[in-house]
Amino acid sequence: MRTIGLRTIGLRVRTIGLRVRSNGLRVRTNGLRTIDLRENTMGCSASQVHIDSRSTGMQKPHLPQSGTFSATTSGASSTWMSVDVDKLLMAEGYDETRSDAFHWWNVVDKLNTPTPMTVIPDTKRKTWKTIRLFVSSTFKDMNSEREHLVKQIFPQLRQWCEGRKLRLIECDLRWGIPKDSDTSKTLIGCLSQIDRCREENGCPYFLCMLSERYGWCPQPTEVPDHIKSRYKWMPGVSVTSLEILTGAYWDHNPNALFMLRSSEFLENVKDSECRASCTESKESPMQSLCTLKGKLRERFPQQVREYRTEVSHPNSQTLQLTGLEDFGQTVLENFKVLIDKQYPSDCLGEDLSIGEIQRLEHENFMIQRSQVRSWELHGSAGGPPDSEVLLGRDEVLKEVRGYIEEDNSSPPSLALVGSPGAGKSAVLAFCSKEFTAKPKYKTFFHFVGATPGSTDLYQVLNRLWTDLAPTEEKIPSDLDEMVRSMETLFLRASRIAKKEGFKKLVLFIDALNQMDDEGNAQSLRWLPSRFPGNMRVVVSTLDGKCRDSLRNKKPPAREVFVEPLDYDIRKQIVTQILAEFSKTLDSEQLSTMVSKEDAGRPLWLSVACEELRIFGSFSGLSQKIVDLPGQLIGLLDMVLTRIISSYGEDLVKATLCLIEASRFGLLETELVELLAVDPVIPPVSGSKAERYRKTEDKIPMAKWALIFLGLKQYLRPSGNSGEGRLDFYHRTISKVVRNVYMGNEADTIKWHTRLADFFENCHDAERKAEELPYHCEAIGDFKRLKACLLEMDVFKILYQESTKLQLMKYWQLIGGYEIAAEAYVNALAMYKKENNLVDIDEIEPVQVRVAWFILDIGQYDLAQSLLEEVLEQLRQKYGEECKLMSGCLVALVTLFYRHALKFVYGSNPALQHCKRMGKIYGALCVKVYKKFWPKTDLELGRNLALCSYFCREVIDEAQNILEKVGEKRALAHVLYTKATANQYNDDINVPVKLFERSLELCMLEFGKYHIQTARCYQLYGQLYWNRYARLDPGRRDWLESSLPLYGHELEIQEELLGPTHPITVRARQDNIIVLTSLGRKNEAEELKEKQPHDHEAL
């Protein structure tokens, strides 16, 4: 089962000019522009909202965002969006009974934006961005141009864009319009796509092609009032003309290109039917077309281009043109220039780190959940003019603020609890935004399920580590080790925040219950019961395991129940939502609606009001309200059933099922390809196999526009900002889709199979790595899973700190680490052969990376073989010492260090071999680093510390460097190594002081349950044992001093590694030896019973 984020539509209020709506209501940006979005057209993007962000490491979003239109030039209050077109027509003397006497061109220029839109180059972009190119033209006469664009030009432009981390989506809406679509759906399907282009890129990328047709002109009675109002339709304006006006003309769009075909081709059109299909026969459209072309030439003198074509078959009934090469090149080169101006390739810079991407994604999500809706307006009496309150949540907010601001030297966490859709996420996002804006508070927020990977416990803890207490030391790669480090991490984070001058460090973590329960995440072992006095932790969860875990902590978490909205607040919300659309309910209707079972949930109210808004029959309204399901799941089921029926039947249903079956949501470009199959819905049967065939490369964009139009209120962007990935807005929607539309397990597997087939042939390695292994696991296809993991491009992506545990898990499913190691050795050989890699400079990065993974999974012999092969080839090319050897040498020293820790007895031949080889490679590693790194470089100090286990002569130098740069974690290692080197000093206080200092640093930096702390305890205990055994067997006090130190190490290793791990077995044997020497045989026997027989460590 897949989990996604809990997206509660919150109830927020703001009394300043910034107003943002995302679900079919209204957008006003800085009070400059008002857009009435009456048909589910999207509002302004979250990245356009300005907040004062002081959360750790965040980039502050600005308004306007770079890469969008300039607010200073496009935000005049007289823009066409704010014009009341009905009043304008009345002022011009328009008489609806004589609409044929009205000439649109006498009015159209009154809506012009006085100053042209300005493109602001995005000079700081580091992630993928979607480019939406809207193609506008008449239908019957432009087939040749469209085919040339689709087959020749757009593939070239798409490839060019991908080289700049841009995803091109061409919005060509003349293909695939359903035959039974009414005027409203046709118009809104086209025009809403222009809105999406504007939201995505500011100035829409707009290609217009015109010839001798003006296009279809709907009659005034065919155009719904909300479309007339929103898009300023006027009598006599064709659909094509309205696209031009809204997408380019009124805003003076600099990203528009107008291609006008010369009429010379008509001389060679001999067939009368063909000629009639590509010309106008009536005077009115001919006059309108001539006027339109003239206005375009006048307003866009540099953006109008004329082109010529040849008729290939003069006597054909369909128009077939050739000679389109110049036309295509003009389009290609023009949009390359326009795109490069807005998204310059030389400003792309280095890729964002994984941590930076995650911070940006969660910040965007927080802003989305903090957006303000006009129907939530509820000013606080006496509050400041920019005050913001959460409607109906005064008491909840009071408790959260009180918890954060109160004095408490050891506070527990605070948990927001309540039913799905109750508004917990809204409250948490609202509070995180509020305290982020306060200069004395340092904040961290994580919304589980909001972004790819955000449900994974390791990634949650990794974010906490890197954002709150960054360190040069390598982050623990083991989940259990990471969990045990968290209490120490929180202590360190609180000290850092205090040192930075913050009054409080506040953590907000939403939807704990949606975390994957890998590693028993929902037991919340990683979350302490108490926190430092300057730290507060606010979480949210549903009933279940997480809430039980919070209650069982000592002390238990403080709970705040997010109650259903009270009766009066419900009525107020419904009244204000519907008032946005000039609709009202009488008292009986209103009472019936707000008395429904789940009407106290904000999500239920929002969905129900949307259903009433689009309901067309006033006489049946009362019965419609009665028939609304009282439960949220039932309501969403009814809504999805209507959307499926109205917006594409099986295509809509398949879209829902594909998104639900996906791991992290799907890109639009992926969905339009996935839907181009027959049958689009897998047949219901008992068999797991599914046969289907591709019908085309992708479904027509007109069909996708209709699908998206129906579903958009229930979808949200997921993943990197701007990449066009879609996922469900709320977990309850996911639940409905899974239960109602995905059927039984066999049918669910068919959706996973379809996605596995798709991503197996995907050329985007990142998406392949995200999705294909997940679907192979879901369908139990371990052969295909193994083949995927062995692809080097996929391996490079998965073998990173944040995902390598998942990679290891996949190999455990396939058959274990021995199989993995052998398979990667063979795959590496094949990779080198297929890519003709013969130069060691090309081989070294990939072979060392593979060797590190094999080392991490404990297959030391194979890892050693790969590393030594690289080292030998480097010697042959560069001599005994070169900088490129450094990575290989560090891996070899690490390998022998880890291997050596397994053994009990110093006389063990395997241990002696590890020490001997470690000394050889450690000495060479020291020489290389000293030769090629500055004397005070942190990297040098860290690696000298590593080598000091085998090369004691560099201990002092490592210590000096690490003390100068303040690297305490590596210093702890150096100190206990130095103490061990001095264990036979005449003055025992010399090594004891070093061990005590090292142990203090270990506890401070790592916490007790960490491999470094365990190693310090072990060597500290060994100090007393060795002095007892070798110097003075009569010193029983030394023997007794060693026992508690060995005991601490055993406790840690059992917790970290388990009872049968070789290192744990060795630690237990140390305790047995000491207990036996002390004559405490019964205790020694108890430990002996736990030891495995014939173990390598013994």
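Reader: What makes the reach of helix α14 close to the expected one?

Author: In this predicted model, helix α14 covers residues 479–499, which is 21 residues, and its first and last C-alpha atoms are 29 Å apart, close to the 30 Å expected at 1.5 Å a residue. The expected span is 1.5 Å times one less than the number of residues, and helices here are DSSP runs of H or I with at least four residues, strands being runs of E with at least two, both numbered from the N terminus.

Reader: Where is the kink in α14 centred, and what is meant by its angle?

Author: The kink is centred on Met486 and comes to about 45°; the bend at a residue is the angle between axes fitted to the seven residues ending there and the seven starting there. Just after α14, Gly501 takes a positive phi of about 95°.

Reader: What are the ground rules behind such values?

Author: Residues are numbered from 1 along each chain as its sequence is written, and side-chain values use heavy atoms, with hydrogens and water left out. Because this is a predicted model, local features need pLDDT of at least 70 and side-chain atom pairs count only at pLDDT 80 or more, whereas totals for chains, interfaces and linings use all residues.

Reader: How confident is the predictor, and which stretches have a pLDDT below 50?

Author: The pLDDT, the predictor's confidence in each residue on a scale from 0 to 100, averages 81 over the protein, and 84% of the residues score at least 70. Over residues 1–78 the pLDDT is below 50, although this stretch has 304 contacts in the model beyond near neighbours in sequence, a contact meaning heavy atoms within 4.5 Å. Residues 372–387 also have a pLDDT below 50, with 55 such contacts. Where pLDDT is low, the predicted coordinates should not be read in detail.

Reader: Why are β13 and β16 called edge strands?

Author: The open sheet has five strands in the order β13-β14-β15-β12-β16, with parallel pairing, and β13 (441–447) and β16 (558–561) are its edges because each pairs on one side only. Two strands pair if DSSP finds at least two bridges between them; β12 (residues 414–417) and β16, which run parallel, are joined by four bridges, so they meet that definition.

Reader: What makes the phi of Lys232 worth a remark?

Author: Its phi is near 60°, a positive value in a residue other than glycine. Lys232 sits in the loop between α5 and α6, and its relative accessible area of 5% is why it is called buried.

Conventions: Buried means under 20% relative accessible area, exposed over 50%, partly exposed in between (1.4 Å probe, protein chains only).
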